[in-house]
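Subject: Structure handover

Hello,

Here is the structure for you to look over. My notes follow below it.

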Amino acid sequence: MSDASTFNALVELADRYCGPIGVGKDLIISLFEEQSDWAFIIQIDALNETACRDIISRLLSLGGLEPAKEEDISSFVSGMSYQGRTSVIRLLKMTGIPPEHTDFVDTVRTVRNTFAHDIRSVSRSLMDIIGERNDKSRVLKILSYIEQYDEEAVAEMFAKDPALLRFVILQQCLTFLYLIHINLRDREEGAEMAGVD
């Protein structure tokens, strides 16, 4: 498992980048300590979905959909599908979030669906679920987020230390939230500058 200082740094980032969507470091700690991978991945997916819906709502509000109110936009985005051709994820891809991060969000949803649609999976590990998939190489590569990727070595590493897989998934989730935060901040600054005479 990664050392305590790395984990503590990750947790501190959680307050900064999860705060705008109403969650903080307590959630990240509880996710890491979650008893089952089933509950862990379902909650990670819910965190990703909440963040995606929030950023799209905020970007649409920032874009000036007059005379729509923020609540109306949020309600509209809440009713959109999360994945698919006309979805929140598709809109998010158009905001300039790098594809490796939207691929991460899609992959978490894919693994979540494997868990969620079969209650018998409740006691299974993430590595068991990933290992049975036809696209296991792709899924493992996206979830591991390791630059020097050696599938056999990565699979062995996660099998020996399952907490490490959770750690890298949490790390990616927070990186994704950070990118959303930066994207929105830059657009807000641009909108303010555009309105200046």
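Among contacts in the chain between residues at least 6 apart in sequence, what percentage join residues at least 24 apart? The figure is 65%. Bear in mind that this is a predicted model.

Overall make-up

The chain has 197 residues, and 39% of them count as buried. Its secondary structure consists of ten helices and zero strands. Read from the N terminus, the order is α-α-α-α-α-α-α-α-α-α.

Helix α2

Start with α2, which spans residues 25–33. Three of its residues, I28, L31 and F32, are buried. They lie on the same side of α2, because the arc they cover around the axis is only 95 degrees. The other side of α2 carries D26 and E33, both exposed.

The α6/α8 pair

Next, look at α6 (residues 99–116) and α8 (residues 136–144). Two packed helices are described by the angle between their axes and the distance between the axes. Here the axes come within 9 Å. They cross at roughly 125 degrees. Angles from 65 to 115 degrees would count as roughly perpendicular and those over 145 as roughly antiparallel, so α6 is oblique to α8. From α6, the contact is made by D103, F104, T107, V108 and V111. From α8, R138, V139, I142 and L143 take part. The crossing of α6 past α8 is left-handed.

For C52, the nearest cysteine sulfur belongs to C173 and is 9.3 Å away, so C52 is in no disulfide. Are these cysteines buried or exposed? C52 counts as buried because its relative accessibility is 0%. C173 is also buried, with a relative accessible area of 0%.

One more pair to check. A39 sits in helix α3, residues 37–62. Its relative accessible area is 14%, so A39 is buried; the cut-off for that is under 20%. A39 and S123 are 84 residues apart in sequence. In space, their C-alpha atoms are 9.6 Å apart.

Best wishes

Conventions. Residues are numbered from 1 along each chain as its sequence is written. This is a predicted model: local features need pLDDT of at least 70, side-chain atom pairs count only at pLDDT 80 or more; totals for chains, interfaces and linings use all residues. Side-chain values use heavy atoms; hydrogens and water are left out. Buried means under 20% relative accessible area, exposed over 50%, partly exposed in between (1.4 Å probe, protein chains only). Helices (H or I, at least four residues) and strands (E, at least two) are DSSP runs, numbered from the N terminus. The arc is that of the directions from the helix axis to the C-beta atoms. A disulfide is a pair of cysteine sulfur atoms within 2.5 Å. Axes are lines fitted to C-alpha atoms, for helices over the stretch in contact, and angles run from 0 to 180 degrees between N-to-C directions. Angles under 35 degrees count as roughly parallel, over 145 as roughly antiparallel, 65 to 115 as roughly perpendicular and the rest as oblique. A crossing is left-handed if the near helix is turned anticlockwise from the far one by less than a right angle, and right-handed if clockwise. Contact means heavy atoms within 4.5 Å.
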